[in-house]
Amino acid sequence: MSDSTPTQRFDAPVPEAPSEPDPEKRSRGLMIALIAIGAAILVVIIILLIVLLGRSGQPAAVGTKTPKPTTSSASPTPSATPTPTPTPTTTTPPPPPPSTSPSISSYTISPKTLDCSGGTPNLSIHWASVNGLHAYFGVNADDAMTMGMGWVLPPTGSDADFPDGYHPYPALCGNDSTEYTITILGTDGTKVSKKFTVTKQ
């Protein structure tokens, strides 16, 4: 090879400048790293909450022993007390109100047997009533108020209450027996009668 042969010059290759990383890939990697850190923090918080709640919400102080819960005897369950069956009470009914109807509590005439051999004897007549307003006297009458002597007498009295001329009251010796009736008119307007028979010897 002669010197006149033209020499071919080769330029040395120029090294390429390092390419800048893609900003989109860079931000994506940063986001993934932040998500991973956030997830780790979240897991730690959940674990701490589980531990704290497992201790009944009372965190134990550092360096102190956790007190053991004391076991107390459970109170016995109260048994159902049977309700006693009420005993029916027997109540005595109140007494009825007192009657307002009249009644004759006593009626007597003496003598009951007449001895007319020595003349006409006199009769001693007595009566008593309950709830009486007036008394009436009659001879051989069923109702002395309507068929009697017409005298208005006290509800309890005697022949001393008869009008003048009839006290003392003379017996009837002309009959073998004579009925003498007393009738009581009550305060309620009703009346009751009773007879007494006098016989002759």
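**A salt-bridge network and a nonpolar patch**

D142, E179 and K195 are linked in a network of salt bridges. The model is a predicted one. In total, the structure holds three salt bridges.

Start with K195 and D142. Their side chains meet in a salt bridge, at 2.5 Å from N to O. This pair links distant parts of the chain. K195 sits in strand 8, which spans residues 191-200. D142 sits in the loop between strand 4 (132-139) and helix 2 (144-147). The two residues are 53 residues apart. How accessible are they? K195 has 37% relative accessibility, so this lysine counts as partly exposed. D142 has a relative accessible area of 52%, and is therefore exposed. The cut-off matters here, because exposed means over 50%.

Now take K195 and E179. The side chains of these two also form a salt bridge, with an N to O distance of 3.5 Å. E179 lies in strand 7 (residues 177-186) and K195 in strand 8, so the pair ties together parts that are 16 residues apart in sequence. E179 is partly exposed, because its relative accessible area is 29%.

Next comes the pair D143 and K191. Their side chains meet in a salt bridge of 2.6 Å, N to O. Here too, distant parts of the chain are linked. D143 belongs to the loop between strand 4 and helix 2, while K191 belongs to strand 8. They are 48 residues apart. Is D143 buried or exposed? D143 is buried, because its relative accessible area is 14%. The limit for buried is under 20%. K191 is at 41% relative accessibility, so this residue counts as partly exposed.

Turn now to the nonpolar side chains. Which residues form a nonpolar patch on the surface? They are L30, L34, I37, I41, I45, L49 and L53. Together they have about 720 Å² of accessible area. One of them, L30, is found in helix 1, which covers residues 23-54. L30 counts as exposed because its relative accessibility is 54%.

Conventions:
Residues are numbered from 1 along each chain as its sequence is written. This is a predicted model: local features need pLDDT of at least 70, side-chain atom pairs count only at pLDDT 80 or more; totals for chains, interfaces and linings use all residues. Side-chain values use heavy atoms; hydrogens and water are left out. Patches are made of residues with over 30% relative accessible area and no salt bridge: like charges are joined within 9 Å, nonpolar side chains (Val, Leu, Ile, Met, Phe, Trp, Tyr) within 5 Å. Accessible areas come from the Shrake-Rupley method with a 1.4 Å probe; for residues, only the protein chains shown count as cover. A salt bridge is a side-chain nitrogen of Lys or Arg within 4 Å of a carboxyl oxygen of Asp or Glu. Helices (H or I, at least four residues) and strands (E, at least two) are DSSP runs, numbered from the N terminus. Buried means under 20% relative accessible area, exposed over 50%, partly exposed in between (1.4 Å probe, protein chains only).
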